[in-house]
Amino acid sequence: MACKLVIIGAGRMGSALAEGLLRAKWCEPGELALIARSVETRSALESRFPGVGVFASLEVVEIGEQTGAVLAVKPDQAEGVSRLAGAVGITRVLSVVAGLSSARIEGCFPGPVAVIRSMPNTPVLIGQGVTAMAGGAHVTSDDLDWAESILGAVGTAVRVTERNIDAVTGLSGPMPAYLYLVVEALIEAGVHQGLSRDVSRTLVVDSFAGSGALLKESGESPEVLRAQVTSPGGTTAAGLRVLEQHAVRAAFLDAVAAAAERSRQLGR
Ligand SMILES: NC(=O)c1ccc[n+]([C@@H]2O[C@H](COP(=O)([O-])OP(=O)(O)OC[C@H]3O[C@@H](n4cnc5c(N)ncnc54)[C@H](OP(=O)(O)O)[C@@H]3O)[C@@H](O)[C@H]2O)c1
């Protein structure tokens, strides 16, 4: 029986998607095929995903007219693998490969192919990521729904146009790194105030997770939530004034602009 989806490159990102799809019952294990090059990766995948087909190459997978593919290899492998996908008859592809345009992927196929390019971030690895996706030249609304149903299994999917992918690559792609830097600095700040590292870590990490959940679940704007903890002339106001003096807000604007510009350069 032809498989419903083949994940080409079942590494960190590919296997996180496989896990999310099986958890969401998007497909039965037997309808999924995973491709990885090394014997070690394949045997780890076989233990982790019982009933799922694990293969060394796309050429040995049974591909039908409805079989879609997720492209999740490293960027340097992506075009070669896409040419192979075209040769075996794949006509619908969701790519998570950073920096590779849909036009470049389309160019690897012998005929029209529906390519959806996406930019996930690392919380996808625990099913709580956010991914922006954009359709290529031959994509229909059905294709976008299909891609969204896959990405939705590992978090939230947001539709953008492809020209916004560089902005996404500057914002939500590196966002975990931006936030971890803030977390690191705050843990250190607690230690400087005499807290043990363990206590400081718990206070910062749990405040971080709780504040994120409050922001998401309350639906309130960050300005309102910040005002709620900022009494006039109080302690939070004193701390925030120092952050404004150090231009933290401007630093984030510049960081996102620099990362987006780097994404544009790499894509050229
Ligand atoms: N990880 C992230 O947080 C993240 C975030 C955004 C985007 N991405 C994108 O996701 C893609 C994958 O990243 P990753 O971190 O998941 O990499 P990874 O863990 O190295 O996984 C890549 C997988 O591809 C397999 N592979 C390599 N060459 C292949 C080929 N020619 N044919 C079939 N399979 C092949 C590898 O097999 P072996 O294990 O046997 O070598 C490995 O399982 C990248 O393009 C990256 O830009 C990743």
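Start by selecting helix α1, which lies across β1, β2 and β4 (68–71) and runs at about 165 degrees to β2. Keep in mind while looking that this is a predicted model.

Next, select β1 and β2. Strand β1 covers residues 5–8 and strand β2 covers residues 32–35; the two run parallel and are joined by four bridges. To find one of these pairs, pick Ile7, whose bridge partner in β2 is Leu34.

From β4, move on to strand β5, residues 92–95, which runs parallel to β4 and is joined to it by three bridges. Leu71 stands opposite Ser95 in β5.

Zoom out to the whole sheet. In what order do its strands lie? The open sheet has eight strands, arranged β3-β2-β1-β4-β5-β6-β7-β8, and the pairing is mixed. Select β3 (53–55) and β8 (155–159) to see the edges: each has a single partner strand, so one side of each is left without a neighbour in the sheet. On average, neighbouring strands of this sheet are turned by 20 degrees against each other, direction ignored.

Then turn to the ligand. Around the ligand are 23 residues, of which Gly9, Gly11, Met13, Ser38 and Ala98 come nearest. Two elements give two or more residues to this shell: α1 (12–23), where the tour began, and α3 (75–87). Colour the shell by residue class, and it divides into 13 nonpolar, seven polar and three charged residues.

Finally, colour the chain by domain. The domain assignment gives domain 1 as 5–161 and domain 2 as 175–267. Taken over C-alpha atoms, the centres of domain 1 and domain 2 are separated by 34 Å. How many residues does each domain bring to the contact? Domain 1 gives five residues and domain 2 gives five residues. On the side of domain 1 that touches domain 2, the residues are one nonpolar and four polar, with no charged residue.

Technical notes
Residues numbered from 1 in each chain as written. Predicted model: local features only at pLDDT ≥ 70, side-chain atom pairs only at ≥ 80, totals over all residues. Near = placed C-beta within 6 Å. Nonpolar A, V, L, I, M, F, W, Y, C, P; charged D, E, K, R; others polar. Pairing = 2+ DSSP bridges. Axes fitted to C-alpha atoms, helices over the stretch in contact; angles between N-to-C directions. Contact = placed C-beta atoms within 7 Å. Domains from an automatic or database assignment.
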